[in-house]
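Student: Could we go through this model together? I would like to begin with a term and then move to the details.

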Amino acid sequence: MRARSHPEVASTREALALLGLTGPTEGAALTAAFRAAVKAARPDQPGGDETRFRKVIAAWRLLQGEARGPALEPPPVRPAPPPVVSITPLEALRGGRATVEIGGRTLRVRVPAGMRSGEHLRLRRGGADGADLHLPVLIRAAEGLSALGDDLYMGWPTPPRLIEDGGRVEIDTWAGPRSAWIVAEQETLRVRLKGLGLPARGSRPQGHLFVTLEPSADAPSSAEDLLVRFTRVWTPERMAA
């Protein structure tokens with residue numbers, strides 16, 4: 001039975017010691033250490049030794065292999081992520097069309113009303129190989145509106161006196177003027193207008209509009225606001241009639 005051969009150098013630590021090194025070394029420094037150690041270990045030189053000579057060579061090969069590291073497979077080429085369909089809250093409310101860039105092509109895609117962020121639009125045969133594409137949708141804040149889930153959010157400048165005393169606040173929303181009542185010194189300066197969020201679609205319910213009341217000295221009072229609305233409707237021609 002043939003005896004199993006043992007490696008000349010059993011560890012990296014031993015290999016470093018054979019080359020006179022105290023820590024990991026690469027490149028020219030490793031080569032210089034090997035040349036000095038192998039020259040000193042040559043059997044035909046004074047103080048040389050055949051066993052030590054073989055071990056120095058084995059140590060050099062071991063450290064070279066560790067410096068190169070194991071061969072790695074090239075990372076797989078991942079397909080480019082699909083482009084995001086960016087729409088505004090009003091486009092999410094009413095539907096419309098959006099422009100996307102796909103593989104150097106500019107496409108116009110139809111966006112149905114009621115889309116939410118995170119949902120996907122299916123683009124039939126939109127891929128380079130003719131496969132369907134599913135494009136993620138993102139609703140970006142615009143025109144004073146932002147969307148979160150089913151609901152819409154906006155701010156509205158409100159006279160500080162109205163916030164302190166309470167009363168009716170008139171808010172211009174995407175659906176037209178709406179009224180809301182607030183109590184004196186209301187803690188949460190936000191009102192909910194039911195049913196003015198994103199429309200129901202599939203399993204998603206009808207959303208609401210949340211309005212943050214922002215104290216503003218420049219905001220018109222309730223009386224001033226009513227006067228402005230009155231003058232918008234009652235023109236001089238209608239009053240003369």
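Tutor: A polar contact is a pair of N or O atoms within 3.5 Å; within protein, one must be able to donate a hydrogen and the other to accept it, and residues adjacent in sequence count only if both atoms are side-chain atoms. This is a predicted model, in which local features need pLDDT of at least 70 and side-chain atom pairs count only at pLDDT 80 or more, while totals for chains, interfaces and linings use all residues. Residues are numbered from 1 along each chain as its sequence is written, and side-chain values use heavy atoms, with hydrogens and water left out.

Student: With which side chain does the side chain of Asp-150 make a polar contact?

Tutor: The partner is the side chain of Arg-116, at 3.0 Å.

Student: And where is Asp-150 placed?

Tutor: Asp-150 lies in the loop between strand S6 (146–148) and strand S7 (151–158). Strands (E, at least two residues) and helices (H or I, at least four) are DSSP runs, numbered from the N terminus.

Student: Is Asp-150 buried or exposed?

Tutor: Asp-150 is buried, as its relative accessible area is 17%. Buried means under 20% relative accessible area, exposed over 50%, and partly exposed in between (1.4 Å probe, protein chains only).

Student: Which residues does Asp-150 touch?

Tutor: Leaving out residues up to four places away in sequence, Asp-150 touches Arg-116, Gly-197, Leu-198, Arg-204, Pro-205, Gly-207 and His-208. Contact means heavy atoms within 4.5 Å.

Student: Changing topic: in what order do the strands of the open sheet run?

Tutor: The order is S6-S7-S11-S10, four strands with mixed pairing. S6 and strand S10 (190–193) are the edge strands, each pairing on one side only. Two strands pair if DSSP finds at least two bridges between them.

Student: How many bridges join S10 to S11?

Tutor: Four, and S10 runs antiparallel to strand S11 (residues 209–215). Leu-193 stands opposite Leu-209 in S11.

Student: What about S1 and S5: parallel or antiparallel?

Tutor: Strand S1 (residues 85–87) and strand S5 (residues 133–139) run parallel, joined by three bridges. Ile-87 stands opposite Ile-139 in S5.

Student: Which residues have the most contacts inside the largest nonpolar core?

Tutor: They are Val-85, Ile-87, Ile-171, Leu-209 and Val-211, in a core of 32 residues. Another core, of 17 residues, lies apart from it and includes Leu-19 and Leu-30. A nonpolar core is a set of buried Ala, Val, Leu, Ile, Met, Phe, Trp, Tyr and Cys residues joined through side-chain atoms within 4.5 Å.
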